[in-house]
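Visitor: I am new to this structure and would like to learn how to read it with care. Could you take me through it feature by feature?

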Amino acid sequence: MKRLLESIRQHQSEISLGLMIAAGLIGAWSQSYAPARLGDEMWRLADHLARQGTFADPFGSIATGPTAANPPLYPLLLAVLIKILRIPWLVYGAAILMSILANAVVAAQLPRISEVFYGSQIPGIFASVLWLAAMEHIPGWDTNFTVAGLLMFCIFTSQFADSKKRWTNSATFNGAIAGLLFLFNPSSLLVLLPWLGFLIWRSKEHVRHALRYCVIVAAVMSVFILGWGGRNYVELGSFVVRTNLGMTLYASNNDCAQSSMIRDLMNGCYQTHHPNSSRPEAEYLQRVGEVQYDKNRTADAKAWVRAHPSMFLTLTARRILEFWFPPAEVIPPAYAFSNNFGLADYNQRWMRQQHGVDYAIWIVTGLSICGMALMVFRRQAVVVFVLAVLVVYPLMYYLVVSDVRYRYPVLWLSLLPAGYFVYELMSGGVLHLKKASTMQSEQAPVLR
């Protein structure tokens, strides 16, 4: 085992490149086995942007006008592809290729962020191997780009927050990355802000410099947030960053609701409560306006929760479990997706692929619990950031239908502790906890 670890240590760059290539090859095979669906809401927004130049009409039932139900950057990226490539299957192919590339970047960057966390790339290499089993391309949403972007932001900021060289340009650049991540997925703030707080906290000898650096990052990021909120104030009459909470809560908490998205779709409950597929809901949204609709449906969801506390608690308990351990769903043969890519057994192929991803995430979750316990025992500073995000980020997803894509923006924060535990298990470090516990909490350990 020590020979293997020594060999990994001596060939870290080559292994990272190999993991990146492996991620690309696995992504290509996965696409050939069970092609990914591009999605509907993002595609409609992109098509509307490309053809009419406005960010509107995301729902499939009727045209509802200007919207903030979805973040703008990914539809804009798809719209650019539509304008350039024009042919639908070329646009689809380009979206798939970019999704696969984003996953490959994650595979290559996990060792680098591991060096930031632990002082060594080796835990990240093990984390990257686990990522190869757990990743999937999701071209219908921003997910793959959000994950890659969060990793790059944390790596870039960690390199300059303690350095006084070229820090102003670096802070501005990283603030722009943070702003773009917000426009990909506003929930990214629940990772970005704790990370900036962690950088300040860990920079005990250079806290003033780190504070100035992070303030500039936050200020530049705020320009993007204010810009998007200002657009929504003009178009929708309210300074909001997103208006989908109410519709999602309402579609997830009602008399026919199930805990997971797939089961809710299969029994038709989600379709009858969400404006994307329900014409009455879309007409109501159109009549009262998107902002007021969001408020009204939030109030309706709260009223249902008060009237059905037992059912709500049951749904929530299941969704908490399913966020960390995605359910291996079963799709009846009679149920069919709108596009099966000409494959008669597409549903079953897609579910087999999903089961592999689900079980891989189960393993990652289990290993990460052990890894974080070890990190806490060894008083590693970065565990404060990891635990803070993993406690706060999922809270909103415990209240709505579970979907594996909700886990991905923070899956890397499970992968790294999992890889750390695997490394320590292989190197025998788990057997020397007393010695490890003497390490200072503010320093990353020098791994053997």
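Visitor: What is the mean pLDDT of the chain, and which elements have the lowest and the highest values?

Guide: This is a predicted model, and where pLDDT is low, the predicted coordinates should not be read in detail. Here the chain has a mean pLDDT of 89, with 92% of its residues at 70 or more. Among the elements, helix 16 (residues 309-324) has the highest mean, 97, whereas helix 20 (residues 433-436) has the lowest, 49. Over residues 434-448 the pLDDT stays under 50, and for this stretch the model has 34 contacts beyond four places in sequence.

Visitor: Which cysteines form a disulfide, and how far apart are their sulfur atoms?

Guide: A pair of cysteine sulfur atoms counts as a disulfide when they lie within 2.5 Å. The structure holds 1 disulfide, and it is formed by Cys 256 and Cys 269, whose sulfur atoms are 2.0 Å apart. The pair links distant parts of the chain, since Cys 256 sits in the loop between helix 11 (245-252) and helix 12 (261-266), while Cys 269 belongs to helix 13 (residues 269-273), 13 residues apart. The torsion about the S-S bond of Cys 256 and Cys 269 is about 80°, and the disulfide is therefore right-handed.

Visitor: Are Cys 256 and Cys 269 buried, partly exposed or exposed?

Guide: Buried means under 20% relative accessible area and exposed means over 50%, with partly exposed in between. Cys 256 has a relative accessibility of 30%, so it counts as partly exposed, whereas Cys 269, at 2%, counts as buried.

Visitor: How should I read two packed helices, and at what angle do helix 11 and helix 15 pack?

Guide: Two packed helices are described by the angle between their axes and the distance between the axes. Helix 11 and helix 15 (residues 290-307) pack at about 30°, and their axes are 7 Å apart. The crossing in which helix 11 passes helix 15 is left-handed.

Visitor: Which residues of helix 11 and helix 15 make the contact?

Guide: From helix 11 come Leu 245, Gly 246, Met 247, Leu 249 and Tyr 250, and from helix 15 come Tyr 293, Asp 294, Arg 297, Thr 298, Asp 300 and Ala 301. Sorted by class, the contact of helix 11 with helix 15 has 6 nonpolar, 2 polar and 3 charged residues.

Visitor: Which loop holds Arg 86, and what is its phi?

Guide: Arg 86 lies in the loop between helix 4 (73-85) and helix 5 (88-118), and although it is not a glycine, it has a positive phi of about 70°. With 66% relative accessibility, Arg 86 counts as exposed. Arg 379, which is not a glycine either, has a positive phi of about 55°, and its place is in the loop between helix 17 (346-377) and helix 18 (382-392). At 42% relative accessibility, Arg 379 counts as partly exposed.

Visitor: Is Arg 407 buried or exposed, and with which residues is it in contact?

Guide: Arg 407, in the loop between helix 18 and helix 19 (408-427), has a relative accessible area of 1% and is therefore buried. Leaving aside neighbours within four places in sequence, Arg 407 is in contact with Phe 323, Trp 324, Ile 361, Thr 365 and Ser 414.

Visitor: Where does Gln 271 lie, and with which residues is it in contact?

Guide: Gln 271 lies in helix 13, and at 24% relative accessibility it counts as partly exposed. Setting aside neighbours within four places in sequence, Gln 271 is in contact with Asp 264, Leu 265, Ser 277 and Ser 278.

Conventions. Residues are numbered from 1 along each chain as its sequence is written. This is a predicted model: local features need pLDDT of at least 70, side-chain atom pairs count only at pLDDT 80 or more; totals for chains, interfaces and linings use all residues. Side-chain values use heavy atoms; hydrogens and water are left out. pLDDT is the predictor's confidence in each residue, from 0 to 100. Helices (H or I, at least four residues) and strands (E, at least two) are DSSP runs, numbered from the N terminus. Contact means heavy atoms within 4.5 Å. Buried means under 20% relative accessible area, exposed over 50%, partly exposed in between (1.4 Å probe, protein chains only). Axes are lines fitted to C-alpha atoms, for helices over the stretch in contact, and angles run from 0 to 180 degrees between N-to-C directions. A crossing is left-handed if the near helix is turned anticlockwise from the far one by less than a right angle, and right-handed if clockwise. Ala, Val, Leu, Ile, Met, Phe, Trp, Tyr, Cys and Pro count as nonpolar, Asp, Glu, Lys and Arg as charged, and the others, Gly among them, as polar.
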